[in-house]
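Trainee: Could we zoom in on a single part of this model and go through it slowly? I'd like the cut-offs along with the contacts.

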Amino acid sequence: PSRPLKLTGIGKYPFIFVSQTSLDFGDVLISKSVTKEIIIQNKSLVSARYQIVSISNEGPEKVFKFQPSSGVLAPESSSKILVSLFMNFFHDNIVR
């Protein structure tokens, strides 16, 4: 004979924090690069996939590089992301 069974549960989803929402690279000379560091944290109990896509990296003037640019954060862990700005052309208003 079958019996009814009631199941309940709580769904978990990734909860990501970024240590900084803006970076100041200061004055960067043409043909030079400056690298800053940000930390991303997964404050949830499940793994979280991430991919960083720069909306300012369009066209031939790619100035930002992220290392790593994608990955998986284990539950309750953090990862260092290096953000590099390389000035290979003159532009007086890259990011404000």
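How many salt bridges does the count come to?

Mentor: Quick ground rules: this is a predicted model, so local features need pLDDT of at least 70 and side-chain atom pairs count only at pLDDT 80 or more, while totals for chains, interfaces and linings use all residues. Residues are numbered from 1 along each chain as its sequence is written, and side-chain values use heavy atoms, leaving out hydrogens and water.

The count comes to 1 salt bridge, where the rule asks for a side-chain nitrogen of Lys or Arg within 4 Å of a carboxyl oxygen of Asp or Glu. Glu37 pairs with Lys80, with 3.9 Å between the closest N and O atoms. Since Glu37 sits in strand S2 and Lys80 in strand S6, the pair ties together parts 43 residues apart in sequence. (Strands are DSSP runs of E, at least two residues, numbered from the N terminus.) Glu37 is partly exposed at 40% relative accessible area, and Lys80 is partly exposed too, at 47%; that label covers the range between buried, under 20%, and exposed, over 50%, with a 1.4 Å probe and protein chains only.

Now look at Ile38. Leaving out residues up to four places away in sequence, Ile38 touches Lys80, Ile81 and Val83, among others, a contact being heavy atoms within 4.5 Å. Ile38, Ile81 and Val83 are also among the 12 residues of the largest nonpolar core, meaning buried Ala, Val, Leu, Ile, Met, Phe, Trp, Tyr and Cys residues joined through side-chain atoms within 4.5 Å. S2 (32–42) and S6 (77–87) are the elements that give two or more residues to this core, and S6 supplies the largest share, 4 residues.
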